[in-house]
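Please look over the sequence and the fold shown here before reading on.

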Amino acid sequence: MHAIALHTSQFGRHLELLAAMYRLRRRVFKDRLDWSVSVSGEFELDVYDTLGPTYLILMADAGEPVGSVRLLPTTGPTMLADAFPVLLGGSPAPHDERILESSRFCVDTSLVAEQAPNSLNRATFILFAAMMEAVRGALADSIVTVTDTRMERIPRRAGWPLRRIAAP
């Protein structure tokens, strides 16, 4: 497995890969998790996909995407600031060129089941590593995300320092 980064300027050359990633997101977020997300046919997309994100796409050795995450600068609209401001507990949303927002993190564990030494799915671990590289490449120093408290165990097991902005 390996991760690739796709920036907005590259989307036109990678339409099939983007379509496969949007199908993956639908399988994970709508079909498996049954989240209330926007779908269009076989794709899961939302307004944040139109705001110049960088996608990190985890590719299986056979060439199909098995995981992805969307990164947006916090200097523009973000899910935390605009869709979930109640989660900020009255604090202002991060708005800093050194902070990226991650969203739509997913791994199709039905396609990849190999465990990393820390008991995480190896695909999850590789995608986390790609996120750290993307943060460095963007000259940022942190990531903000909206997550369910049950999911906090995953980045903790990966050794990521977590700090809640507000109470759950």
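In α1, the residues Leu 17, Leu 18, Ala 19, Ala 20, Met 21, Tyr 22, Leu 24, Arg 25, Val 28 and Phe 29 are buried, where buried means under 20% relative accessible area, with a 1.4 Å probe and protein chains only. This is a predicted model, in which local features need pLDDT of at least 70 and side-chain atom pairs count only at pLDDT 80 or more, while totals for chains, interfaces and linings use all residues. Residues are numbered from 1 along each chain as its sequence is written, and side-chain values use heavy atoms, with hydrogens and water left out.

Helix α1 covers residues 15-32, and its 18 residues reach 24 Å from the first C-alpha to the last, close to the 26 Å expected at 1.5 Å a residue; that expected span is 1.5 Å times one less than the number of residues. Helices here are DSSP runs of H or I with at least four residues, and strands are runs of E with at least two, numbered from the N terminus. At Arg 26, α1 bends by about 25°, the bend being the angle between axes fitted to the seven residues ending there and the seven starting there. The cover over the buried residues of α1 includes β1 (2-6), β3 (43-44), β4 (54-59), β5 (65-73) and β6 (99-107). Ala 20 lies in helix α1 and counts as buried because its relative accessibility is 16%. Just after α1, Asp 34 takes a positive phi of about 55°.

| Strands | Sense | Bridges |
|---|---|---|
| β5 and β6 | antiparallel | six |
| β6 and β7 (residues 142-145) | parallel | four |

Leu 71 stands opposite Ser 102 in β6, and Leu 100 stands opposite Ile 143 in β7.

## The second largest pocket

The residues that line the second largest pocket include Leu 71, Leu 72, Pro 73, Leu 100, Ala 134 and Gly 137. The elements giving two or more residues to this lining are β5 and α3 (122-137), and β5 gives the most, with three residues.

Notes: Buried means under 20% relative accessible area, exposed over 50%, partly exposed in between (1.4 Å probe, protein chains only). Contact means heavy atoms within 4.5 Å. Two strands pair if DSSP finds at least two bridges between them. On a 1 Å grid over the protein atoms alone, a cavity is a set of points where a 1.4 Å probe fits but cannot get out, and a pocket is an open set with protein on both sides within 12 Å along at least five of seven lines; lining residues have an atom within 4 Å of a point.
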